[in-house]
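This report describes one protein structure through selected residues and helices. The sequence and the structure are shown first, and the description follows.

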Amino acid sequence: MASHDLRAPLRAIDQLAQFIEEDAADALSEDSREDLGQLRKRVFRLEALLKSLLDYSRVGRDESVAVPIDVAAMAEEIVELYVPTDRFTVEITLNLPEIVAPRPAAELIIRNLLMNAVKHHDRERGWIRVSGERTGCTASIIVSDDGPGIPERYRQRVFEIFQTLKPRDDVEGSGMGLALVKKTMETMSGTVEILPNEGRGTSFKLTWFDQPQPMKAAS
């Protein structure tokens, strides 16, 4: 209810800003047009933040049944929808281990990591790799990229809500993506970690157990 009540006036503000842009287009200075553009971007950012908070609050309340998931096929579908393949070379290992998890939760996790790699990349072109491995009774999926990387001192902080490493005006985002990934993995008794590396690039490792525990209730 709070999310709905807060998002409605935000949409009205954005619509009013759009009307001003259209009605006063010839009279506005370049600075005024730029200010209106910034206003609309920040309205969009706040609306995205409210949606992310709503998603975060729902983690663990979804009663979806855990099912076997072909991670390679799911990753290919997400790449097709969310990754600009004219900028990124994407490699998905075909023999990825199968996981057992609620599909909506697994999709949210993989989607956030792939979109995170795209959003924070600092060069014109890049690559993303989705690989995996099986060790005993666990299945792990690793999402890697050749972006700027995450300094070691920030590798725990980035999983907290509202955390970004760049100013919000430089990279649009709510600062909730990795917090959602971590909380969702924890509800499935899984783990997410950033693998050590030197230089550029980041690798996120997701680990699921073959016999997952029932989804934990959200705190």
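I69 is buried, as its relative accessibility is 0%; buried means under 20% relative accessible area, exposed over 50%, and partly exposed in between, computed with a 1.4 Å probe and protein chains only. The residue belongs to strand β1 (residues 66-69). Helices (H or I, at least four residues) and strands (E, at least two) are DSSP runs, numbered from the N terminus. Beyond its neighbours within four places in sequence, I69 contacts M74, E98, I99, A101, P102, R103 and A106, where contact means heavy atoms within 4.5 Å.

The model is predicted: local features need pLDDT of at least 70, side-chain atom pairs count only at pLDDT 80 or more, and totals for chains, interfaces and linings use all residues. Residues are numbered from 1 along each chain as its sequence is written, and side-chain values use heavy atoms, with hydrogens and water left out.

The buried residues of α4 are A105, A106, L108, I109, I110, N112, L113, L114, N116, A117 and V118.

N116 sits in this helix, which covers residues 103-119. Its relative accessibility is 16%, so N116 counts as buried. Outside the four places on either side in sequence, N116 makes contact with L178 and F204.

In soluble globular proteins, nonpolar side chains tend to be buried together. A nonpolar core is a set of buried Ala, Val, Leu, Ile, Met, Phe, Trp, Tyr and Cys residues joined through side-chain atoms within 4.5 Å. The largest such core here has 38 residues, and L114, L206 and W208 touch the most other members. Helix α4 supplies the largest share of this core, with eight residues. When residues up to four places away in sequence are not counted, W208 touches I99, V100, A101, I109, C137, T138, A139, I141, M185 and M188.

**Helix α5**

Helix α5 (residues 177-187) is mostly covered, with eight of its eleven residues buried. These buried residues are L178, A179, L180, V181, K183, T184, M185 and T187. After α5 comes S189, which has a positive phi near 55°.

**Salt bridges**

Side chains of opposite charge can pair when their charged atoms come close. A salt bridge is a side-chain nitrogen of Lys or Arg within 4 Å of a carboxyl oxygen of Asp or Glu. The structure holds nine salt bridges, and the table presents some of them.

| E21 | R40 | 3.1 Å |

The salt bridge between E21 and R40 ties together parts that are 19 residues apart in sequence, because E21 lies in helix α1 (residues 2-23) and R40 in helix α2 (residues 30-58). E21 is partly exposed, with a relative accessible area of 25%, and R40 is partly exposed at 24%.

E107 and R103 both belong to helix α4 and are four residues apart, about one turn of the helix. E107 counts as partly exposed at 25% relative accessibility, and R103 counts as partly exposed at 29%.

D122 is partly exposed at 39% relative accessibility, while R200 is partly exposed at 32%. Through salt bridges that share partners, D14, E21 and R40 are joined into one network.

**A nonpolar surface patch**

L81, Y82 and M115 make a nonpolar surface patch of about 320 Å². Patches are made of residues with over 30% relative accessible area and no salt bridge; like charges are joined within 9 Å, and nonpolar side chains (Val, Leu, Ile, Met, Phe, Trp, Tyr) within 5 Å. Accessible areas come from the Shrake-Rupley method with a 1.4 Å probe, and for residues only the protein chains shown count as cover. Y82 lies in helix α3 (residues 71-82) and is partly exposed, at 39% relative accessibility.
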